[in-house]
Amino acid sequence: MTRGLSGAVPLAHFFLRERVKPGDRVVDATCGNGHDTLFLAELVGPEGRVWAFDIQDAALAATAKRLEAAGCGERVELVNGGHERLAELVPGPVTAVVFNLGFLPGAENGTITTPATTGAALDQATELLLPGGIVTVAVYTGHPGGPEEEAAVDAWAASLPPARFNVWRCRQGNRSSAAPYLVVAECRA
Ligand code: SAM
């Protein structure tokens with residue numbers, strides 16, 4: 001069955017499916033409810049490793065439950081900490097780092113990703129990449145703080161030297177300019 005490209009996250013998965021192989025080491029920088037973590041755990045298989053970060057206990061618990069139900073828990077290290085500690089806590093290098101910015105769906109406590117920590121984490125993520133590795137960033141601008149975070153992602157993307165990185169900004173051509181979009185940075189082989 002053909003999988004649709006109906007938004008920033010399905011498009012990120014399209015790139016990740018192409019790039020991540022069994023046995024790889026990858027990072028979910030914002031595990032939330034664990035959908036991306038499980039997707040990555042399935043791609044890397046039992047010989048691979050996923051580091052999954054979040055700062056909310058509820059997110060880590062939801063992710064642990066999802067992984068356990070799928071029998072993938074052993075290949076994932078859940079990190080109760082901010083992704084701005086990526087370089088400290090992930091013994092690189094890795095094939096992919098996945099960011100899905102914004103707030104935890106279903107939570108009402110107002111915890112969102114923020115420009116300063118997102119910017120620091122993105123800088124560290126690009127330094128962890130293997131040649132051919134990718135960083136994917138699903139960006140949301142419709143909530144308070146969203147435009148500031150968009151600016152931080154743009155600044156990071158623009159700072160990456162073309163000799164070392166290919167950087168793509170993917171927006172849907174038939175949606176409002178406020179719709180979520182995807183940034184992909186590839187470390188050149
Ligand atoms: N990828 C998730 C999924 O598949 O369900 C959705 C992620 S949700 C849009 C964003 C998450 O980022 C929230 O769970 C939030 O707690 C988390 N977050 C916010 N600041 C963070 C930080 N500094 N480090 C790691 N996670 C953070």
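Me: Which residues does Val 9 touch, not counting residues up to four places away in sequence?

Reply: Val 9 touches Asn 100 and Ala 138. Two residues are in contact if their C-beta atoms, placed from the backbone, lie within 7 Å. The C-alpha atoms of Val 9 and Asn 100 are separated by 7.6 Å, although the two are 91 residues apart along the chain.

Me: What kind of model is this, and how are its residues numbered?

Reply: It is a predicted model, in which local features need pLDDT of at least 70, side-chain atom pairs count only at pLDDT 80 or more, and totals for chains, interfaces and linings use all residues. Residues are numbered from 1 along each chain as its sequence is written.

Me: What are the predictor's confidence values here?

Reply: The mean pLDDT of the protein (pLDDT is the predictor's confidence in each residue, from 0 to 100) is 95, and 99% of the residues reach 70 or more. For the complex, the predictor gives an ipTM of 0.98 and a pTM of 0.97.

Me: Why is Val 9 called partly exposed?

Reply: Let's set its count against the cut-offs. A residue is buried if 20 or more other C-beta atoms lie within 10 Å of its own, exposed if 12 or fewer, and partly exposed in between, with C-beta atoms placed from the backbone. Val 9 has 17 C-beta neighbours inside 10 Å, so it counts as partly exposed. Val 9 lies in helix H1; helices (H or I, at least four residues) and strands (E, at least two) are DSSP runs, numbered from the N terminus.

Me: Is Asp 24 buried or exposed, and how do you know?

Reply: Asp 24 has 20 other C-beta atoms within 10 Å, and therefore it is buried. Its place is the loop between H1 and E1. Leaving aside neighbours within four places in sequence, Asp 24 is in contact with Val 44, Gly 48 and Thr 95.

Me: What makes H2 largely enclosed?

Reply: Seven of the 10 residues of H2 are buried, so the rest of the structure largely encloses this helix. Among the buried ones are Asp 36, Thr 37 and Leu 38. The cover over the buried residues of H2 includes helix H1 (8-19), E1, E2, helix H3 (57-70), strand E3 (76-80) and E4. After H2 comes Gly 45, whose phi is positive, near 70°.

Me: How do you know that E1 and E4 pair?

Reply: Two strands pair if DSSP finds at least two bridges between them. Strand E1 (residues 25-28) and E4 have three bridges, in the parallel sense, with Val 27 opposite Val 97 in E4. E1 is also joined to E2 by four bridges, again parallel, and the partner of Arg 25 in E2 is Arg 49.

Me: Which way do the residues of E1 point?

Reply: Arg 25 and Val 27 point one way, Val 26 and Asp 28 point the other way, and all are buried. In a regular strand the side chains alternate between the two faces of the sheet.

Me: What makes a group of residues a nonpolar core, and which residues have the most contacts inside the largest one?

Reply: A nonpolar core is a set of buried Ala, Val, Leu, Ile, Met, Phe, Trp, Tyr and Cys residues joined through C-beta atoms within 7 Å. The largest here has 54 residues, and those with the most contacts inside it are Val 27, Ala 29, Val 97, Val 98, Val 137 and Leu 182. Leu 182 touches residues including Ala 8, Val 137 and Cys 170.

Me: How many residues surround the ligand, and what classes are they?

Reply: The ligand is surrounded by 21 residues, the closest being Thr 30, Gly 32, His 35, Gly 82 and Leu 104. A residue is near a molecule if its C-beta atom, placed from the backbone, lies within 6 Å of it. By class, five are nonpolar, 13 polar and three charged. Ala, Val, Leu, Ile, Met, Phe, Trp, Tyr, Cys and Pro count as nonpolar, Asp, Glu, Lys and Arg as charged, and the others, Gly among them, as polar.
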